[in-house]
Amino acid sequence: MNRQQKQQLRRHLREQRQSLSAGQQQHAAFQAMRHLQRLPVFRQARHIAAYLANDGELSTEVILRRIARSQKQLYLPVIHARRDTVSMAFHRYRLRQHLGRNRFGIDEPGSRRLPARAPHSLDLVLLPLVGFDRRGSRLGMGGGFYDRAFAYKRRRNGRRNPALVGLAHSCQEVERIPGDDWDIPLDAIITEQGVIWTSRL
Ligand SMILES: Nc1nc2c(c(=O)[nH]1)N(C=O)[C@@H](CNc1ccc(C(=O)N[C@@H](CCC(=O)O)C(=O)O)cc1)CN2
Ligand SMILES: Nc1ncnc2c1ncn2[C@@H]1O[C@H](COP(=O)(O)OP(=O)(O)OP(=O)(O)O)[C@@H](O)[C@H]1O
């Protein structure tokens, strides 16, 4: 798939999720929490990275609250700009901690942020998706941030940690997302309808 086709698909799928009603969003968030709670990988995880929903993404609010009330530690993506490279790190997050807006208009832990944790030492990452297919290919916002953070997983004998579980509305599923060399496959996808296993977990 060339860049232009990918852009077009991205635009279409973003419109789909943006057009969901508040009621549909709430329903999806609650169901996703139910499905997530049943996963052994979630029950066993101690260090979990999630995201703050934006642009119609599946809301993580109930999930964040649940994690915050448990013994598990929560992390959020923070965009870091250093000279000419922009990258993403996962910083510890506590509910009601001060948030700032990043360059994409998404809330993230602000200037007094807690320490970051290396991607490979997280147990579970809940990824925001623009689109996905049943094989575990994902389409993101186009920054390549998650692909770069977990690029080490592609290498032979590379670490397998953490488990990568995408969260999306079922309307974001497509038949097939043609992969690029750098794409990192998902282990599972959770929608309001249930868990989709990609046979990697
Ligand atoms: N909630 C949430 N947080 C997240 C992500 C995400 O997808 N969702 N990210 C996941 O990586 C990172 C931010 N990545 C982003 C990358 C691009 C744009 C963006 O707004 N891009 C332009 C053009 C995109 C395009 O090429 O079509 C735009 O929409 O105007 C936003 C976020 C980190 N935090
Ligand atoms: N491992 C990598 N090393 C260098 N560049 C990369 C790597 N992975 C992705 N990129 C770059 O990131 C750009 C965006 O990739 P892509 O369109 O697949 O993003 P995405 O998966 O939709 O976004 P995101 O991961 O932020 O949600 C690509 O143009 C690619 O050049």
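Visitor: What should I keep in mind about numbering and confidence?

Guide: Residues are numbered from 1 along each chain as its sequence is written, while chains are lettered from A and ligands numbered from 1 in the order in which they are written. The model is predicted, with local features needing pLDDT of at least 70 and side-chain atom pairs counting only at pLDDT 80 or more, whereas totals for chains, interfaces and linings use all residues; side-chain values use heavy atoms, with hydrogens and water left out.

Visitor: Which residues come nearest to ligand 1?

Guide: A residue is near a molecule if one of its heavy atoms lies within 4 Å of it. Ligand 1 has 15 residues around it, of which Gln7, Arg14, Leu52, Glu57 and Met141 come nearest.

Visitor: Which element gives the most to the shell around ligand 1?

Guide: Helices (H or I, at least four residues) and strands (E, at least two) are DSSP runs, numbered from the N terminus. Helix H1 (3–18) gives the most, with three residues.

Visitor: Which residues of the protein make polar contacts with ligand 2?

Guide: Among them are Asp147 and Trp182, each with a polar side-chain atom 2.9 Å from an oxygen atom of ligand 2, and Tyr146, which has a polar backbone atom 3.2 Å from an oxygen atom of the ligand. The largest share of the shell around ligand 2, four residues, comes from H5.

Visitor: How many aromatic pairs does the structure hold?

Guide: Rings of Phe, Tyr and Trp (its six-membered ring) pair if their centres lie within 6.5 Å, and planes under 30 degrees apart count as stacked, over 60 as edge-to-face and the rest as tilted. The structure holds four such pairs, one of which, Phe90 with Tyr146, is tilted, at 6.2 Å centre to centre and 50° between the planes. Phe90 lies in strand E3 (residues 85–92) and Tyr146 in helix H5, so the pair ties together parts that are 56 residues apart in sequence.

Key
A polar contact is a pair of N or O atoms within 3.5 Å; within protein, one must be able to donate a hydrogen and the other to accept it, and residues adjacent in sequence count only if both atoms are side-chain atoms.
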